Amino acid sequence: MVGKSLDLDSALNSVIDAIAKAGDIELATKWWAKMIDMGLTPNRLTYSTMVAACSRAREANKAECWVYQMSQDGCKPCSATFNSLIDVLAKTGNIEKAESWFQQLRDFDVKADASLYTVMIDACLQASKIGKAEQWLEKMHAQHLRANGRVYKKMINAHAKEGNKQKAEYWFR
């Protein structure tokens, strides 16, 4: 039973979030359908929860479908939504599609933050595309955003692994 301090929308969002975090996308989707059947409207949190669940489960296509659905339903994705989407695309090896979505951020009035750039940098480094990772880090700097120490450590390690001491030292400074 929903308590007096928690409205039905919030309660259902909490249920969907808990189920999604447990990794059961199918059950979360069923609760989503129950929400719709009850005449309730999913909000940005509900959609972002579904995208994040798909991201954790490495279900890139499903995550992308949720973002499309979100947009079609007139709900604007936020930075967290794109972070989850871009992360799963990058981690499943689809860096080009991740970059494409990154380029669309402005279309959704979303400003790229340091975490979104970090996702792109990490993905490029994981794919051994060091030059591309450097380009993303330079773009990040151009936006006056600061990377955390982990990004620089990964960049240094990638160059060291390739035997490029000069570049490793460059990123150390």
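**View 1. The largest pocket of the predicted model.** The largest pocket holds about 210 Å³ of space (an open set of points on a 1 Å grid over the protein atoms alone, where a 1.4 Å probe fits, with protein on both sides within 12 Å along at least five of seven lines; the volume is the space filled by probe spheres set on the points). Its lining (residues with an atom within 4 Å of a point) includes Phe102, Tyr117, Trp136 and Lys139. Helix H6 (95-103) and helix H8 (130-142) each give two or more residues to this lining (helices are DSSP runs of H or I, at least four residues). The model is predicted, with local features requiring pLDDT of at least 70 and side-chain atom pairs pLDDT 80 or more, while totals for chains, interfaces and linings use all residues. Residues are numbered from 1 along each chain, and side-chain values use heavy atoms, without hydrogens and water.

**View 2. The aromatic pair Trp32 and Trp66.** The ring centres lie 4.5 Å apart with 65 degrees between the planes, an edge-to-face pair (centres within 6.5 Å, planes over 60 degrees apart; the six-membered ring is used for Trp). Trp32 belongs to helix H2 (residues 25-37) and Trp66 to helix H4 (residues 60-72), so the pair ties together parts 34 residues apart in sequence. Both Trp32 and Trp66 are buried (under 20% relative accessible area, 1.4 Å probe, protein chains only).

**View 3. The aromatic pair Phe102 and Tyr117.** With centres 4.9 Å apart and planes at 70 degrees, the rings of Phe102 and Tyr117 are edge-to-face. Phe102 in helix H6 and Tyr117 in helix H7 (residues 114-126) are 15 residues apart. Phe102 is buried at 7% relative accessible area, and Tyr117 is buried at 6%.

Methods
Phe/Tyr/Trp six-rings, centres within 6.5 Å; stacked < 30°, edge-to-face > 60°. Buried < 20%, exposed > 50% of the residue type's maximum accessible area, 1.4 Å probe, protein only.
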